[in-house]
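The sequence and the model come first.

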Amino acid sequence: PCIKRLKIDKFFKGVFSANEVGIGKQSGKIYSYALAKTNSKIEETLLYEDALDAIQSGNKLGILTIGVQDENNPPLKDANIPNHIVYTFKNAPLIAN
């Protein structure tokens, strides 16, 4: 995943790939799986995602979604789906403890 490639995975409780887990992102089950594995609450979770259908799945669960705009994907701003959109992790929303 890009989080590992960008070497920012240390900022996350867990990084889960749909391919690794064997659960598709479209159903939202991967996010329920990740919440359970990290013992996290929906209201304390941010979902960084570049795929529109995966963002929609996170929204259905009530997760705050951060659309990561990638030049390989359609513009997220036109979809009005993610709660926030980032073009670089320099302006990415964070949750402070």
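Helices (H or I, at least four residues) and strands (E, at least two) are taken here as DSSP runs, numbered from the N terminus. The model is predicted. On that numbering, Asn 39 sits in the loop between α3 (29–37) and β1. Its phi is near 55 degrees, a positive value in a residue other than glycine. Asn 39 is exposed, with a relative accessible area of 69%.

Ser 17 also belongs to a loop, the one between α1 (2–5) and α2 (18–21). Ser 17 is buried, at a relative accessible area of 15%. A polar atom of the Ser 17 side chain lies 3.2 Å from the backbone nitrogen of Asn 19.

From β1 the chain runs through helix α4 (residues 52–61) to β2, a right-handed β-α-β crossover. β2 also pairs in the parallel sense with β3 (residues 84–86).

The pairings are set out below.

| Strands | Sense | Bridges |
|---|---|---|
| β2 and β3 (residues 84–86) | parallel | three bridges |

Which residue of β2 is the bridge partner of Tyr 48? That partner is Ile 66. On the β3 pairing, Val 68 stands opposite Val 86.

Conventions: Residues are numbered from 1 along each chain as its sequence is written. This is a predicted model: local features need pLDDT of at least 70, side-chain atom pairs count only at pLDDT 80 or more; totals for chains, interfaces and linings use all residues. Side-chain values use heavy atoms; hydrogens and water are left out. Buried means under 20% relative accessible area, exposed over 50%, partly exposed in between (1.4 Å probe, protein chains only). A polar contact is a pair of N or O atoms within 3.5 Å; within protein, one must be able to donate a hydrogen and the other to accept it, and residues adjacent in sequence count only if both atoms are side-chain atoms. Two strands pair if DSSP finds at least two bridges between them. A crossover is right-handed if, with the strands pointing away from the viewer, the path from the first strand over the helix to the second runs clockwise.
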